[in-house]
Amino acid sequence: MDWVGDFYSRTGQWWGEAESGVGARDRRRVEAVHARLGSEPKRVLELGCGYGNTAAAFAEAGHTVTAVELTDRAEYAAAHAERLGAERLRIVRGDFYETAFEDRFDVVAYWNGFGVGTDADQRRLLSRIAAEWLAPGGTAMVDVFNPLVWAAWDGDVDVLHADPERGYRHELSQRLRFDPVSCTAVDTWTDTADPEREISQRLRCYSPADLRLLLEGTGLALSAVVVGGETLDLGADHAGNAALLRERHEYLAVLTA
Ligand SMILES: C[S@@+](CC[C@H](N)C(=O)[O-])C[C@H]1O[C@@H](n2cnc3c(N)ncnc32)[C@H](O)[C@@H]1O
């Protein structure tokens, strides 16, 4: 996992200026939790919070939020905490594999980040969620990368042009590969002004069936899968399901102890 700090710090420097505000995606995440668990104030732990936008949206909705971030993206998150007050939003800069919290949480969320490292790393994280962080009756909400859509993107190359007025100051190129043996997406970025320096993130993807296997022995079970806002009936036949086959690169796993 030695690429993690450099990758998210560097990409944060490219995108933070443009993307460090609370937006529609953050409010949709709050709505997804409210729809499932109700909107009464909750204690929320967010893992890998990036710029802290979603953590801020939860705090704005009345929840008490602790959010952890490894990289200097946490500086943007700290600005949200300053605006909202430390008693509503606490930012912890650190590695969630190492960090300990005195509190327990009604909701543990990991948006758009699960799948870094090996299966054993994933299990270690899931076990910590179950044993150390979730309060009795609590729920974990974890975005999981969908292998079928990432595999279909194998070979795609794109150039993202700079747009300084919106805060995007670098022209970037992206190349996507998919390793079908390890079921891992390899997402490689280059600043076209510095083409020798490539950075890649490697994201282990799990189908819902594989996630169920991964969860065995962690203390968590899959209680729902939400794809594009729709909750799947886990007992039904999903042959031909277009959202998971072609459309959605991640789905939300709802996990309970
Ligand atoms: C793809 S970004 C998603 C950020 C945010 N959750 C969102 O949806 O916009 C994943 C984030 O997780 C953070 N992260 C990865 N591993 C981490 C770790 N071990 N401890 C804390 N943060 C971590 C990264 O630095 C990065 O900011």
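Here, helices (H or I, at least four residues) and strands (E, at least two) are DSSP runs, numbered from the N terminus. The model is predicted: local features need pLDDT of at least 70, side-chain atom pairs count only at pLDDT 80 or more, and totals for chains, interfaces and linings use all residues. Residues are numbered from 1 along each chain as its sequence is written, and side-chain values use heavy atoms, with hydrogens and water left out.

View 1. Going across, the strand order is 3-2-1-4-5-12-10-11, and the pairing is mixed. Two strands count as paired if DSSP finds at least two bridges between them. At the edges sit strand 3 (89-93) and strand 11 (230-231), each pairing on one side only. Strands of a sheet pair through backbone hydrogen bonds, either parallel or antiparallel. Zoom in on strand 5 (residues 134-145) and strand 12 (residues 250-256): they run antiparallel over seven bridges.

View 2. Contact here means heavy atoms within 4.5 Å. Axes are lines fitted to C-alpha atoms, for helices over the stretch in contact, and angles run from 0 to 180 degrees between N-to-C directions. Helix 7 (residues 208-215) lies across strands 4, 5, 10 and 12, at about 155° to strand 10.

View 3. R25 puts a polar side-chain atom 2.8 Å from a ligand oxygen. On the nitrogen side, a polar backbone atom of G48 lies 2.8 Å from a ligand nitrogen atom, and a side-chain N or O atom of D95 is 2.9 Å from a ligand nitrogen atom. Of the 600 Å² of accessible area that the ligand has on its own, the protein covers 92% (Shrake-Rupley, 1.4 Å probe; for residues, only the protein chains shown count as cover).

**View 4. Two positive phi angles.** Most residues other than glycine have a negative phi. N112, in strand 4, has a positive phi of about 50°. C183, in the loop between strand 7 (172-179) and strand 8 (184-191), has one of about 55°. Buried means under 20% relative accessible area, exposed over 50%, and partly exposed in between (1.4 Å probe, protein chains only). N112 is partly exposed at 33%, while C183 counts as buried at 15%.

Notes
A polar contact is a pair of N or O atoms within 3.5 Å; within protein, one must be able to donate a hydrogen and the other to accept it, and residues adjacent in sequence count only if both atoms are side-chain atoms.
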